[in-house]
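I opened my notebook and went through this structure bit by bit. Here is what I looked up, in the order I did it.

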Amino acid sequence: MTSRTEPTFRESVNMMFDKAISLIDISPGLAQKIKVCNSTYTVRFGVKLRGDIHTFTGYRSVHSEHKEPVKGGIRFATSVNQDEVEALAALMTYKCALVEAPFGGSKGGLHIDPTQWEPDEIEKITRRFAYELIKRDLIHPSQNVPAPDMGTGEREMAWIADQFRRMNTSEINADACVTGKPLNKGGIIGRVEATGRGVQYALQEFFRHKDDVKTSGLSGSLAGKRIIVQGLGNVGYHAAHFLSTEDGCKITAVIERDGAVINDDGININQLQTHLIENKGVKGFSGANYVSNGSEILEKDCDILIPAAMEGVINLSNAQRIKANVIIEAANGPVTAGADEILTAAGTIIIPDMYANAGGVTVSYFEWVKNLSHIRFGRMQRRQQASSNHILVEEMERLIGKPVSEDFKNKFFKGAGELELVRSGLEDTMCTAYQQMHDTWRSNENIDSLRTAAYVLALTKVADSYRALGL
Ligand code: NAD
């Protein structure tokens with residue numbers, strides 16, 4: 001449709017960086033220092049499987065060490081390459097700065113198709129990759145702390161933590177070497193849902209900003225909004241599940257690898273997820289109509305589009321046909337720089353990845369703090385808070401001369417446990433960061449979008465941190 005060439009993911013991130021940095025008072029030298037990726041370690045290792053040696057290539061990239069440890073997920077996918085890992089590491093630096101998670105940015109990836117290997121084989125491969133990274137302090141509680149990403153989850157994080165412990169038997173903070181672990185292996189309640197939950201909180205906050213809602217051409221609240229989701233994995237599933245069961249949204253289409261399913265009355269997300277797991281695809285799901293060309297469904301009419309699979313799916317070839325009023329980037333980099341320009345000019349609101357999917361790293365931060373403090377959140381306070389509330393209600397009932405409702409009592413007497421505290425911390429983070437992006441966007445006419453505002457905020461914080469170090 002256009003003679004413009006599509007930038008790579010990394011070029012897209014750099015173009016967005018360049019646009020924002022030109023709006024900040026910063027020396028060219030410091031700007032360049034922030035932009036470049038500090039280091040990328042490439043490892044090739046062999047694992048004996050199925051009677052033969054198989055060689056795998058992995059990366060761990062450290063974008064910025066202005067704060068340590070550095071943090072960022074490990075991805076298992078065939079799309080993994082050095083450029084992708086470095087772009088994702090840069091995004092981690094900006095994301096952590098934006099939501100005030102005290103980390104530098106990093107990312108890792110292993111070039112592998114996880115569906116081609118049995119669980120015991122993936123365990124061997126994961127442990128070997130982890131071994132290579134651990135011996136170079138590229139996995140370490142105070143240096144570099146990975147987390148799950150595409151193709152990895154709690155299971156891989158548990159293996160990585162165990163591998164670290166085997167290689168560092170006297171390290172008391174070993175659990176803090178990786179986040180996104182299962183609860184019984186030092187994880188935190190609410191981490192699995194965190195990124196999708198963060199997407200929900202981001203949309204709730206967007207709808208509290210009536211000027212932004214008006215700019216998007218929408219009105220009212222989240223209730224009843226028609227949503228299309230691409231990728232029903234960890235992030236996409238939780239976002240779709242919470243938005244449809246708690247906010248009254250209708251998920252009118254879900255796009256997966258093997259096609260898409262559509263139902264204008266709303267898809268039952270839990271039933272679809274069960275079908276997806278059992279059948280390894282959405283085809284054949286009885287609660288919706290199937291189409292084989294999934295990517296076309298990105299262009300279907302809807303209020304909110306949630307790309308939650310991979311980068312570059314909204315690009316120069318389809319941006320002009322996207323009809324959603326709001327795109328919330330649950331995945332990293334789903335909208336290319338070229339598409340971003342087209343959509344922003346057309347008035348589409350894009351809630352940027354750096355913010356939209358920051359729920360994961362936010363709750364990872366809480367998990368890391370929990371591991372370092374060796375106590376679960378709420379353990380000391382919960383009973384004490386509950387008994388203070390008892391005393392208050394007894395006195396209130398004495399003063400008003402009648403009992404308060406049982407429903408009120410049940411809610412009020414229940415002190416906050418770990419899940420309530422995690423959700424509260426996450427919601428506060430998502431609301432505060434949105435307000436900052438909104439205020440930055442609306443107070444400077446040169447800032448044309450929430451994305452540019454997010455970059456300006458993040459880069460200013462990183463620059464201030466480097467300046468404080470004397471750079
Ligand atoms: P996941 O592996 O759990 O899920 C990805 C889903 O997308 C899978 O269901 C897969 O089948 C589907 N998919 C893959 N390619 C597709 C395609 N071309 N079309 C349609 N569907 C496709 O991964 P995830 O952890 O949910 O991560 C998804 C995105 O969110 C990635 O960009 C990741 O970097 C980002 N992210 C994840 C987290 C996290 O906590 N997991 C945090 C921040 C950002």
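**Entry 1: α15 and α16.** I began with helix α15 (residues 418-443) and α16, whose axes come within 8 Å and cross at roughly 105 degrees. Axes here are lines fitted to C-alpha atoms, for helices over the stretch in contact, and angles run from 0 to 180 degrees between N-to-C directions. Angles of 65 to 115 degrees count as roughly perpendicular, under 35 as roughly parallel, over 145 as roughly antiparallel and the rest as oblique. α15 and α16 are therefore roughly perpendicular to each other. Helices (H or I, at least four residues) and strands (E, at least two) are DSSP runs, numbered from the N terminus.

Before going on, I noted that this is a predicted model, where local features need pLDDT of at least 70 and side-chain atom pairs count only at pLDDT 80 or more, while totals for chains, interfaces and linings use all residues. Residues are numbered from 1 along each chain as its sequence is written, and side-chain values use heavy atoms, with hydrogens and water left out.

Which residues of α15 meet α16? I found Y434, Q436, M437, H438, T440 and W441 on the α15 side, against L450, A453, A454, V456, L457 and K461 in α16. Contact means heavy atoms within 4.5 Å. By class, I get eight nonpolar, three polar and one charged residues in this contact. Ala, Val, Leu, Ile, Met, Phe, Trp, Tyr, Cys and Pro count as nonpolar, Asp, Glu, Lys and Arg as charged, and the others, Gly among them, as polar.

**Entry 2: α3 and α16.** Next I checked helix α3 (residues 82-98), which packs on helix α16 (residues 450-468) at about 85 degrees, with the axes 8 Å apart. α3 and α16 are therefore roughly perpendicular to each other too. From α3, the residues that meet α16 include L91, Y94 and L98. The class tally for this contact is 10 nonpolar, one polar and one charged residues.

**Entry 3: the ligand.** How many residues surround the ligand? I got 22, and the closest are R75, D149, T195, E256 and N332. Near means that a heavy atom of the residue lies within 4 Å. The shell has nine nonpolar, eight polar and five charged residues. I then looked at ligand oxygen atoms: a polar side-chain atom of D149 lies 2.8 Å from one, and a polar side-chain atom of N332 lies 2.9 Å from one.

Entry 4: I spotted a cis peptide bond joining E68 and P69, with omega about 5 degrees. P69 sits in the loop between β2 (52-64) and β3 (70-71). R50 has a positive phi of about 50 degrees although it is not a glycine.

Terms used
Polar contact = N/O pair within 3.5 Å; in protein donor to acceptor, adjacent residues only side chain to side chain.
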